[in-house]
Amino acid sequence: MEDQLLTLIVLRKALSDRFNVMTSRSGEEAIDLCKLDPPDLILLDINLEGINGIETCLKLKNTYETHDIPVIFITSLESEEGACWEAGAVDFIKKPTNPETLFRRVRAHLMIKAQHDLLNQKVFIDDLTQIYNRRYFDTHFIKIEQSALRENADCALLLIDIDYFKQYNDTYGHVQGDAVLNLVAQTITKSLQRPADFVSRFGGEEFVVVLPHTGNKGANCVADKIKNNVMQLGILHKHSEHEFVTISIGGATLQTRDNSKNTLQLADERMYQSKFQRRNQVSF
């Protein structure tokens, strides 16, 4: 992300043969691009249109969707090197830049990030369903809420439970029960459209969906979509009044909670409302 068109062209030429490259000339545009489609690495100059590179880096590091993306500063302002490190940079390259040096530094940081992502996958992935686990949710949801509070934005949480799952296991066996858990997990994942949205296995037959920058109306739409998609799997369940495997969903948002209950507690209460209302329901 550079302020000078010529430098942008040079950087793109040096990297585009080996990497997929997006470019931006303003800090604000860069942040929006990174939220929409998070890259693996960010190259950032200090001199940008709009907010400068250091401010841009600070905003990226304080935003949930982008805070883990490594940032390399490429600038001629050597006096600002300390400020770049303080803003959260992983590297500092002085202009004019040697293209081969640039390529090797970028490749090295991408390899480090790939190793970091692989380690996170082992720590944060549920063995059975291959979606995020409870540890990932506990680690990341608090950061999402804090980010939403800083930005004066909303975020939503959906707590999902498979209806009559114990009876399903007792009737069809645990092997088939595990297959249902997998199918439901993948169906929820496919129902989510944005990169920042995620689902975690919360425990047993429960799942939790996190929807950053989402209010009640949007969360209701997502919840209805997930509920309908699971119903449409058509998994027979003779102990259900709906004849098929269904789910009950409770939802809450940061803006609808009160001081006595956090978002998770409120979503849990709403989920049990859905269960008391004949199941296969969404409650907010």
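**Close-up views of a predicted protein model**

**View 1. L102 sits in helix 5.** L102 lies in helix 5, which covers residues 99-124. Helices (H or I, at least four residues) and strands (E, at least two) are DSSP runs, numbered from the N terminus. This is a predicted model, in which local features need pLDDT of at least 70 and side-chain atom pairs count only at pLDDT 80 or more, while totals for chains, interfaces and linings use all residues. Residues are numbered from 1 along each chain as its sequence is written, and side-chain values use heavy atoms, with hydrogens and water left out. Is L102 buried or exposed? L102 is buried, at a relative accessible area of 2%. Buried means under 20% relative accessible area, exposed over 50%, and partly exposed in between (1.4 Å probe, protein chains only). L102 touches L11, A14, L15, L43, I74, I93 and T97, leaving aside residues up to four places away in sequence. Such a contact means heavy atoms within 4.5 Å.

**View 2. The whole protein, for scale.** The protein has 10 helices and 8 strands. Its C-alpha trace spans about 70 × 40 × 25 Å along the principal axes. The C-alpha atoms of L102 and T171 are separated by 61 Å, and these residues are 69 apart along the chain. Of the 284 residues, 48% are buried. Take the contacts between residues at least 6 apart in sequence: 61% of them join residues at least 24 apart.

**View 3. Helix 2 has a buried face.** Helix 2 covers residues 27-36, and its buried residues are G27, A30, I31 and C34. Seen down the helix axis, these buried residues fall within an arc of 100°, so they line one face of helix 2. The arc is that of the directions from the helix axis to the C-beta atoms. An α-helix has 3.6 residues a turn, so residues three or four places apart point the same way. What covers the buried residues of helix 2? The cover includes strand 1 (42-44) and helix 3 (53-61). On the other side of helix 2, D32 and L36 are exposed.

**View 4. D40 pairs with K113.** The structure holds 14 salt bridges. In a salt bridge, a side-chain nitrogen of Lys or Arg lies within 4 Å of a carboxyl oxygen of Asp or Glu. One of them joins D40 and K113, with the closest N and O atoms 3.6 Å apart. D40 lies in the loop between helix 2 and strand 1, and K113 lies in helix 5, so the pair ties together parts that are 73 residues apart in sequence. D40 is partly exposed, at 46% relative accessible area. K113 is buried, at 16%.

**View 5. D91 pairs with R105.** Here the closest N and O atoms of the salt bridge are 2.8 Å apart. D91 counts as buried, at 11% relative accessibility. R105 is partly exposed, with a relative accessible area of 28%.

View 6. R104 counts as partly exposed, at 47% relative accessibility. E100 is partly exposed too, at 35% relative accessible area.

**View 7. Four residues share one network.** Salt bridges that share partners join D161, D163, K275 and R279.
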